[in-house]
Amino acid sequence: MTKRILPVLAGLALVAGLFVALSSPPDVLQGDFVRILYIHVANAWLAFLAFGVTAAASIGWLVTRRAGYDRVAASSAEIGVLFTAVTLFTGMIWGKPIWGTFWDWGDARMASTALMFFVYLGYLALRRATPDRVARARRSAILGVIAVVQVPLVYFSVVLWRTLHQGLTIRPDSVQMEPEMLTALLVNVGAFSVLYLALLVARVRLARLEEAMEVHEEAPAGSAVTAPRLETGP
Amino acid sequence: MSAAWIWAAYLVTYGLILGYVVSLVRRARQLTRRGS
């Protein structure tokens, strides 16, 4: 059931997000460029969530050793890398007209996000480089738990180091946004959340299929072949 | 000029996501074919 409903819901939610983002009012200072931020911020938050899920599922695997946790951890990390790539690209495209530069290594938020992106690429590479299933799950679970410390570091980097990136716009005590803009942002956060869920379900299903094929290919030669029945004489 | 930047951002976003979805579908089909 979820196989079809979730992708359709994700598609509809993304169309709604696109509509709200493009029809919201322009910002006083940024003008229309604020529309890029609705997808940039939504993808950044979803990347944080994805890496958080990876860490939680990694702890789940370390405690229970159930393969399902490993599949969720790996799948969520892959989607998190996708969302981080979108965050980096949209941030660069927004930065050029607003800040006059695509990239600044001196900026704490940009540098820490890039580092997080490469660490999780390393997580995916580690999985590919480890053929044994148990060793792969153990190594990546440990990395998944350690790597998640970057999430609060990236989030609070704008508070810890005052560099080019602006500070926190949405805080528990105050929201420095117009209601229409906040709605556009939240609709996009909701849309990308549904997309995350749809991608996670699809990726976990694919991981199960990959594991089944791995088991099939690991089986010793001839194990699937049954011995021929010898004809007995009349 | 601003429209070009905005469309570039949206194209990159949806392009990357679509590319990922296509890769998942292709891999699933490939595995299903190999398994059958």
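In this predicted model, 20 residues from chain A and 16 residues from chain B take part in the contact between the chains, two residues being in contact if their C-beta atoms, placed from the backbone, lie within 7 Å. On the side of chain A that touches chain B, helix 2 (34-64), helix 3 (67-99) and helix 8 (179-218) of chain A each supply at least two residues. Helices here are DSSP runs of H or I with at least four residues, strands are runs of E with at least two, and both are numbered from the N terminus. Helix 3 of chain A gives the largest share of this side, eight residues.

Residues are numbered from 1 along each chain as its sequence is written, and chains are lettered from A in the order in which they are written. Local features need pLDDT of at least 70 and side-chain atom pairs count only at pLDDT 80 or more, while totals for chains, interfaces and linings use all residues.

Turning to chain B, its secondary structure is one helix and zero strands. Its C-alpha trace spans about 50 × 5 × 5 Å along the principal axes. Of its 36 residues, 14% are buried, meaning that 20 or more other C-beta atoms, placed from the backbone, lie within 10 Å of the residue's own.

Beyond its neighbours within four places in sequence, A:Phe51 is in contact with A:Ala77, A:Gly80, A:Tyr120, A:Val148 and A:Val151.

Methods. Buried ≥ 20, exposed ≤ 12 C-beta atoms within 10 Å, placed from the backbone.
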